[in-house]
Amino acid sequence: MTEPDMGAVPVILIDDDADLLRATGQTLELAGFEPIAFTSATDALSKISADFPGIVVSDIRMPGLDGLELYDRLRSLDEELPVILMTGHGDIPMAVKAIQSGVYDFLAKPFATDRLVQCVRRAAEKRRLTLENRRLRAAAQSSSQESPLIGQTPVMQRLRNMLRQIADTDIDVLVTGETGSGKEIVAGLLHGWSRRAAGNFVALNCGALPQQVIESELFGHEPGAFTGAQKKRIGRIEHSSGGTLFLDEIESMPMSAQVQMLRVLEMREVMPLGTNEVRPVDLRIIAASKVDLGDQAQRETFREDLYFRLNVVTIAIPPLRERRDDIPLLFSYFADRAATRFDREAPSITPTIGQYLRDHHWPGNVRELSHFAERVVLGLDPTSSPAQQSADPETGSLPQRLERYEAEIIRETLTACDGDVQQTIAALGIPRKTFYDKLQRHGIVRSEFADKRLS
């Protein structure tokens with residue numbers, strides 16, 4: 001996403017007037033471009049391919065293949081290649097027709113040198129963005145076919161290599177990473193790349209279920225085991241036998257369930273609620289946590305012995321802000337996916353969007369980036385909050401600036417909590433009614449931050 005070296009941009013320059021061709025070439029060369037001069041459009045055409053990194057500047061009225069015919073040929077080769085046409089005849093209807101057909105710009109001779117340079121510079125930047133977006137889309141497609149864990153940075157390449165090395169080893173794995181960083185994707189790859197791929201991949205979010213439910217979900221129960229237990233239920237652990245059990249947010253698992261999970265890990269057997277029958281299980285557990293369980297302060301009520309039992313291999317997923325070179329690639333992937341889903345045209349990375357991708361902190365990581373791409377595809381302006389759009393954040397009265405800051409904090413907290421109201425309220429430390437009043441006042445739609453299972 002760095003700015004290009006304009007001196008490396010080639011410009012195919014075509015004019016049958018040799019003197020004018022030489023002068024125009026010198027102007028472009030002094031401006032830092034690389035002019036490649038031709039007196040024949042046919043000769044120039046043979047030097048241009050679909051991935052030509054520069055632009056074309058051509059006279060219109062030339063013997064043989066004229067400028068308009070050249071443009072038609074180039075459009076069939078690459079309709080996004082910027083073509084600038086020149087004419088010394090001031091033919092306005094011709095200029096209008098050329099622009100309507102897609103010609104990038106039209107210069108009437110004689111033209112000022114700065115007008116030529118500015119026009120070529122804008123066309124060159126457009127070409128750079130076009131080719132960059134093509135490269136990103138191709139890379140995203142290639143990466144997604146190889147693995148849904150997209151990224152070309154060294155840290156992501158090492159992560160994929162590590163997953164392939166341990167996928168078929170049957171060892172239990174602890175995956176750590178911030179919210180939205182891709183923990184479930186990693187778990188799915190470990191399952192899919194292992195000999196257990198034919199078995200069930202069973203996922204359970206330990207933070208989404210109350211204590212009285214999670215034990216039944218994990219271990220199963222017999223009829224009459226507790227009030228409401230009318231039928232026998234196979235627990236998630238037993239159902240995952242021969243496959244993989246993924247326990248997300250394991251740091252939220254109730255203490256009583258932790259004690260039983262420790263026995264399951266040690267003995268590889270499960271005892272459903274309401275029975276003394278012990279059932280052996282062929283088990284592999286992948287646990288995920290968004291806190292560092294090795295840090296006693298962050299571990300809080302999580303059992304140390306269970307942590308050490310799970311911590312055979314730990315995989316740390318880097319947050320998006322630590323692999324920023326992957327962000328444009330990921331944006332292109334999510335934008336293409338959203339365009340297909342919403343039946344819209346896939347957007348390109350404009351300079352404004354590119355700047356936002358570079359500068360934003362991305363507290364919600366990959367999930368937040370996916371939501372951002374969807375809003376771009378839908379034609380919204382996601383590069384600033386509604387409050388920021390209406391006023392400069394550094395201007396206005398103190399109450400106005402505090403309002404904007406408060407809205408941004410709420411959005412970031414919603415993103416970090418995947419839109420979960422209870423977690424967001426707890427993190428913000430405000431009453432539920434106050435929370436909803438603030439959503440309404442700031443125009444924040446909570447559903448836009450809901451978890452779409454990207455972690």
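Reader: Which residue in β11 is the bridge partner of T176?

Author: In this predicted model, the partner of T176 in β11 is S289. T176 has a bridge partner in β12 as well, namely A316.

Reader: What makes β6 and β11 paired strands?

Author: The criterion is at least two bridges between the strands. Between β6 and β11 there are four, and the two strands run parallel, so β6 and β11 meet the criterion. β6, residues 173-176, also pairs with β12 in the parallel sense, again over four bridges.

Reader: How do you know that β8 and β11 pair?

Author: Three bridges join β8 to β11, and at least two are needed, so they count as a parallel pair. One example of a bridge partner in β11 is I286, which goes with F246.

Reader: What is the order of the strands in the sheet?

Author: The open sheet has five strands in the order β7-β8-β11-β6-β12, with parallel pairing. β7 (201-205) and β12 (313-316) are the edge strands: each has a single partner, so one side of each has no neighbour in the sheet. From one strand to the next, the twist averages 20°. Helix α6, residues 154-166, lies across β6 and β12 and runs at about 155° to β12.

Reader: What makes β11 a mostly covered strand?

Author: Five of the five residues of β11 (285-289) are buried. I285, A287 and S289 point one way, I286 and A288 the other way, and all are buried.

Reader: Why is T244 called buried?

Author: Buried means under 20% relative accessible area, and T244 has 0%, so the word applies. T244 belongs to strand β8, residues 244-248. Leaving aside residues up to four places away in sequence, T244 touches H191, R196, N200, F201, V202, R284 and I286. T244 and R196 are 48 residues apart in sequence, yet their C-alpha atoms are 7.1 Å apart.

Reader: How do you know that T244 and H191 make a polar contact?

Author: The distance between their side chains is 2.8 Å. The cut-off is within 3.5 Å, so the pair passes on distance, and it is listed as a polar contact between side chains.

Reader: Why is the pair of D168 and R195 called a salt bridge?

Author: The nitrogen must be within 4 Å of the carboxyl oxygen. Here the N to O distance is 3.8 Å, so the pair qualifies. D168 sits in the loop between α6 and β6, and R195 in the loop between α7 (183-192) and β7, so the pair links parts of the chain 27 residues apart. By the same rule, the count comes to 26 salt bridges.

Reader: Why is R279 called buried, while E238 is called partly exposed?

Author: R279 has 9%, so it is buried; E238 has 22%, so it is partly exposed. E238 and R279 form a salt bridge, with their closest N and O atoms 3.0 Å apart. E238 lies in helix α9 (236-239) and R279 in strand β10 (279-280), so this bridge ties together parts 41 residues apart in sequence.

Reader: How do you know that the buried residues of α18 are on the same side?

Author: In α18, residues 421-428, V421, T424 and I425 are buried. They cover an arc of only 100° around the axis, which places them on the same side of α18. The face turned away from that buried side carries the exposed residues Q422, A426 and A427.

Reader: What makes D420 a cap for α18?

Author: A side-chain oxygen of D420 lies 3.2 Å from the backbone nitrogen of Q422, at the N-terminal end of the helix. Since the cut-off is within 3.5 Å, that distance passes. After α18 comes G429, with a positive phi near 70°.

Methods. Residues are numbered from 1 along each chain as its sequence is written. This is a predicted model: local features need pLDDT of at least 70, side-chain atom pairs count only at pLDDT 80 or more; totals for chains, interfaces and linings use all residues. Side-chain values use heavy atoms; hydrogens and water are left out. Axes are lines fitted to C-alpha atoms, for helices over the stretch in contact, and angles run from 0 to 180 degrees between N-to-C directions. Contact means heavy atoms within 4.5 Å. Buried means under 20% relative accessible area, exposed over 50%, partly exposed in between (1.4 Å probe, protein chains only). The arc is that of the directions from the helix axis to the C-beta atoms. A polar contact is a pair of N or O atoms within 3.5 Å; within protein, one must be able to donate a hydrogen and the other to accept it, and residues adjacent in sequence count only if both atoms are side-chain atoms. A salt bridge is a side-chain nitrogen of Lys or Arg within 4 Å of a carboxyl oxygen of Asp or Glu.
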